[in-house]
Amino acid sequence: MTVVADDSTRLMEFQNGDIDLMMSTPRNNLPQLSADSNYKVEAFDTVTVNYIGFNVEAEAVSSKEVRQALAYATNVDDLIVGANQGYAQRVTTFTDNLDVLRNTGLEGYTHDVEKVKSLLADAGYADGLTLTLSITSGNTTEAQIAAILKEQWAQAGVTLEVTQYDAATLTAMKKNGEYQVGLTNLGRTGPDSALALSFIVYNPITNGMYTGWQNDECESLYLASCSELDVEKRAEMWARMQEIELDEAPLIPTYVNQDVYAMHSNVSGVQYNLFLGILPYTMQKTV
């Protein structure tokens, strides 16, 4: 096992035969790899939700009307097809579509340019605004997402500037609140999603997934849900938390992506666990 942060370098090492199986396969290379008989491509469902996140303490996105506007400016279907080659499924709340705590009554944000312009005008940005999206350098999927968002948001008068940083630097920036707009994801590690989702709704854990967002009602509901043994009452609490988060929009939920692995044709036995990911002890290589 080796760690190769840069997508292009990882692809080159895979094609050179230095890597037998490639995790985090660059999405834009999937059609090419799928068409080559020397390789196999396998996709697995996950419970990892991807988001567009905002530093709510940054003036330009401190207003929920601005954040809602940007949610309406985002066409998630374009992100699924253009940046993920279709290996993803849209979500309408901050948890995945398989979660028993998911609020099935929420429709989420749909692409609506006129709604964007109206909300921006209400927030004092009738003439548009300029924002900075910070992404991970060497990550081709994030770069494609950035390019798509830049085009989509421009239709509503929002200029999006994109800056790239290495992963460690970008993580530190998010923790320190030194960004405006970012990309992030969150996956649960077991059937009950409450632990993972607490990162969003209970500020003291991760400062609202590094958004700086804090909501008293959400925190009260979360703490009450931790000791609520009635399944239906607990589900109602989490449903309300999802309503609040969707309205406040510190994070725009976009999609649950599939994990896609490319491997050489002599690799077999690849198995995947919804919560643990790939199970390496099941694999074998034919020499």
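Keep in mind that this is a predicted model.

How do Y72 and Y109 sit relative to each other? They form an edge-to-face aromatic pair, with 4.9 Å from centre to centre and 85° between the planes. As for what the contact connects, Y72 belongs to helix 3, while Y109 sits in the loop between strand 4 (88-90) and helix 5 (113-122), so the pair ties together parts that are 37 residues apart in sequence.

That is one of seven aromatic pairs in the model. Another one joins Y261 and Y272: here the ring centres are 6.2 Å apart and the planes meet at 50°, so this pair is classed as tilted. Y261 is in strand 9 (residues 259-264) and Y272 in strand 11 (residues 272-273), so this pair ties together parts 11 residues apart in sequence. Both Y261 and Y272 are buried. Bring in F44 and you have a cluster, with F44, Y261 and Y272 linked through ring pairs.

The largest nonpolar core has 39 residues, and the members touching the most other members are I52, F54, L70, L131, L133, L149 and W153. Which element gives this core its largest share? That would be helix 3 (residues 64-73), with six residues. Zoom in on L70: leaving out residues up to four places away in sequence, L70 touches F54, V61, L131, W153, V158 and I252. There is also a second, separate core of 23 residues, whose members include F94, L101, A194 and M209.

Finally, the strands. Strand 7 (residues 181-187) is mostly covered, as five of its seven residues are buried. Which strands does it pair with? One partner is strand 3 (residues 48-54), which runs antiparallel to strand 7 over seven bridges; in that pairing, T48 stands opposite G187. Another is strand 5 (residues 129-136), which runs parallel to strand 7 and is joined to it by two bridges. If you want a spot to check, L133 has V181 of strand 7 as its bridge partner, and L133 is also among the residues that touch the most other members of the largest core.

Methods
Residues are numbered from 1 along each chain as its sequence is written. This is a predicted model: local features need pLDDT of at least 70, side-chain atom pairs count only at pLDDT 80 or more; totals for chains, interfaces and linings use all residues. Side-chain values use heavy atoms; hydrogens and water are left out. A nonpolar core is a set of buried Ala, Val, Leu, Ile, Met, Phe, Trp, Tyr and Cys residues joined through side-chain atoms within 4.5 Å. Buried means under 20% relative accessible area, exposed over 50%, partly exposed in between (1.4 Å probe, protein chains only). Helices (H or I, at least four residues) and strands (E, at least two) are DSSP runs, numbered from the N terminus. Contact means heavy atoms within 4.5 Å. Rings of Phe, Tyr and Trp (its six-membered ring) pair if their centres lie within 6.5 Å; planes under 30 degrees apart count as stacked, over 60 as edge-to-face and the rest as tilted. Two strands pair if DSSP finds at least two bridges between them.
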